[in-house]
Amino acid sequence: MTSSQDGVTVVDHPLVQHKLTLMREKDRSTKSFRQLLNEIGMLLCYEVTRDLPTELIEIETPLQKSMQPVIAGKKLVFAPILRAGVGFLDGMLELVPAARVAHIGLYRDPDTLQAVEYYFKAPSDIADRMIVVMDPMLATANSAVAAVERLKERGARDLRFMCLLAAPEGIARLRGAHPDVRIWTAAIDERLNDHGYIVPGLGDAGDRMFGTR
């Protein structure tokens, strides 16, 4: 179950929405929050990769030889924005264990709300691979825009962005800066508050993942 328009796909599957509601609860434990994020990551990954190209190969079943589909081309790259983006990673690697991983370290300056890079590590051949950039929250989109820019500077051409929650402001910013990058999210919330947090949202995903809220 998805709805899509203007390069944004909302994954409204009942399992995704149920788990997201549980994550929004302010008294949800760190352990439970982390587990739910992992589970939703798997479900969102299923949708993000729905249109991957396939090719037929010959295999032998217990009964006979047969031509069957496999994913074509080089493997995916999952690119979590540190730190909260890693919450998606384990679940996604369960689905696509051969995927490569890139790490993009960005933090949001509390005064300017701009993204500051402190770490970047990616496979050398990212230009030949489809890259899924992940961050639970698409709020101001400053981190998302910066991450995509860093990847493009290193040759990336086929990029997608996956998040748990998005604000209309964040969608407009990312789509405006990188109209070629499609977005997948579990929900689009109302707005950003004066501190750049998504409302009603679920608070700071990183703090809730690591028990530092």
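1. Burial. In this predicted model, 47% of the 213 residues of the protein chain count as buried. Buried here means under 20% relative accessible area.

2. Surface. The protein chain exposes about 10,800 Å². Carbon and sulfur atoms supply 51% of that area.

3. Fold content and overall form. There are 6 helices and 14 strands in the protein chain. Its radius of gyration is 18 Å, close to the 17 Å given by the globule rule for 213 residues, so the chain is as compact as a globular protein of that length. Along the principal axes, the C-alpha atoms fill a box of roughly 60 × 40 × 30 Å.

4. Contacts along the sequence. Taking the contacts in the protein chain with a separation of 6 or more, 62% are between residues 24 or more positions apart.

5. Charge. The side chains of the protein chain include 26 positive and 28 negative ones. The centres of these two sets lie 3 Å apart.

6. Helix α1. Which residues of helix α1 (residues 14-24) are buried? They are Val16, Lys19, Leu20 and Met23. These residues cover an arc of only 105 degrees around the axis, and therefore sit on the same side of α1. An α-helix has 3.6 residues a turn, so residues three or four places apart point the same way.

Terms used:
Residues numbered from 1 in each chain as written. Predicted model: local features only at pLDDT ≥ 70, side-chain atom pairs only at ≥ 80, totals over all residues. Heavy atoms only, no water. Helix = DSSP H or I, 4+ residues; strand = E, 2+ residues; numbered from the N terminus. Rg over C-alpha atoms; globule rule 2.2 N^0.38 Å. Buried < 20%, exposed > 50% of the residue type's maximum accessible area, 1.4 Å probe, protein only. Contact = heavy atoms within 4.5 Å. Areas by Shrake-Rupley, 256 points an atom, 1.4 Å probe, with all protein chains shown as cover. Lys, Arg positive; Asp, Glu negative; His and termini not counted. Charge placed at Lys NZ, Arg CZ, Asp CG, Glu CD. Arc of directions from axis to C-beta.
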